[in-house]
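Here is a note for a colleague who is opening this structure for the first time. Please keep the sequence and the 3D view at hand while reading.

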Amino acid sequence: MIDEIFALFERFGSKRYGEDISLERHMLQSAAVAQSQGASDCLVAAALLHDIGYFLDPATQAIVREGRNSEHEALAALWLSQYFGEDVTCPVALHVEAKRYLCAAEPGYFEQLSEASRASLTAQGGPMAATETAGFEKSPYFAAAIALRRADDLAKDPAMVTPPLEHFRALLAVCLRNGMVRFSISTSLSAPISAFIPFTKSKF
Ligand SMILES: [Fe+2]
């Protein structure tokens, strides 16, 4: 399982998605930032894996470049749920929603986003409406999703040096779900992803 994840990093990690660094460096930086801030092992794992949807379906990268919503977070969460529990999959599923929340709830947040993150916001639904922010705050994974988002935002630094991927192997092993059950993933995300984000909009 972990070897399968590492193989995806090896094959697709050098690709970019509109930022100044590769996806692998971005995801390693996200995990390193989360770990340096004292995040739980599962939240560090979520940070490391949050953009793995771009690896799973390379079409998502082109979709982002075209200014459309890739829903890469939903694909990532669904795929990861084969192996990890909600402590990993829910923050991953919610990291775009967390951006929409912070754009609505935190003055100045939008302005400090990277150019690519600002550009993708509209396609992702724009800042949350007041009714959405209230619902989002009630999620049991609200705090984890916000923490992951903040690590994500800090992880676009061409100068940041991180530990290698191997550094996180033991941590990933700890977070693997007991009694893993493999299941096939539907190509339609609409129904299954709603299980992760029951309070979110019907776009899933
Ligand atoms: Fe990211």
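1. Leaving aside neighbours within four places in sequence, which residues is glycine 13 in contact with? The model, which is predicted, gives three: Ser22, Leu23 and Glu24. Glycine 13 sits in the loop between helix 1 (2-12) and helix 2. Glutamate 24 is 11 residues away along the chain, yet the two C-alpha atoms are separated by 4.3 Å. Glycine 13 counts as partly exposed, because 19 C-beta neighbours fall inside 10 Å. The cut-off for buried is 20 or more.

2. Now the chain as a whole. The protein chain has 14 helices and 0 strands. Of the 204 residues, 41% count as buried. Take the contacts between residues at least 6 apart in sequence: 69% of them join residues at least 24 apart.

3. A word on confidence. The average pLDDT of the protein chain is 85, and 82% of the residues score at least 70. Residues 179-204 have a pLDDT below 50. Beyond near neighbours in sequence, this stretch still has 35 contacts in the model. Please read those contacts with the pLDDT in mind.

4. Next, the core. The largest nonpolar core has 49 residues. Leu43, Ala45 and Leu80 have the most contacts inside it. Several helices give two or more residues to this core, among them helix 2 (23-36), helix 4 (53-56), helix 8 (95-105), helix 12 (142-154) and helix 13 (169-175). Helix 3 (41-49), helix 6 (72-80) and helix 7 are also on that list. The largest share, 8 residues, comes from helix 3.

5. Setting aside residues up to four places away in sequence, leucine 43 touches Ala34, Pro91, Ala144, Ala147 and Leu148. Pro91 is one of the buried residues of helix 7.

6. Helix 7 is mostly covered, with 6 of its 8 residues buried. Which ones are buried? They are Val88, Thr89, Cys90, Pro91, Val92 and Ala93.

7. How do helix 6 and helix 7 pack? Their axes are 8 Å apart, at an angle of about 170°. Angles over 145 degrees count as roughly antiparallel, so that is how helix 6 and helix 7 run relative to each other. On the helix 6 side, the meeting residues are Glu73, Ala74, Ala76, Ala77 and Leu80. On the helix 7 side, they are Val88, Thr89, Val92 and Ala93. By class, this contact has 7 nonpolar, 1 polar and 1 charged residues. Leu80 is also one of the residues with the most contacts inside the largest nonpolar core.

8. The loop between helix 2 and helix 3 holds alanine 39 and serine 40. Is alanine 39 buried or exposed? Alanine 39 counts as buried, because it has 20 C-beta neighbours inside 10 Å. Serine 40 has 16 other C-beta atoms within 10 Å, so it is partly exposed.

9. Alanine 39 and alanine 144 are 105 residues apart in sequence, but 8.9 Å apart in space, C-alpha to C-alpha. Not counting residues up to four places away in sequence, alanine 39 touches Ala34, Val44 and Ala147. Ala34 and Ala147 are also touched by leucine 43.

10. Last, alanine 134. Where does alanine 134 lie? The answer is helix 11 (residues 130-137). Alanine 134 counts as exposed, because 11 C-beta neighbours lie inside 10 Å. The cut-off for exposed is 12 or fewer. Tyrosine 101 is 33 residues from alanine 134 in sequence, and the C-alpha atoms of the two are 9.5 Å apart in space.

Terms used. Residues numbered from 1 in each chain as written. Predicted model: local features only at pLDDT ≥ 70, side-chain atom pairs only at ≥ 80, totals over all residues. Helix = DSSP H or I, 4+ residues; strand = E, 2+ residues; numbered from the N terminus. pLDDT = per-residue confidence, 0-100. Contact = placed C-beta atoms within 7 Å. Core = buried A, V, L, I, M, F, W, Y, C linked by C-beta atoms within 7 Å. Axes fitted to C-alpha atoms, helices over the stretch in contact; angles between N-to-C directions. Parallel < 35°, antiparallel > 145°, perpendicular 65-115°, else oblique. Nonpolar A, V, L, I, M, F, W, Y, C, P; charged D, E, K, R; others polar.
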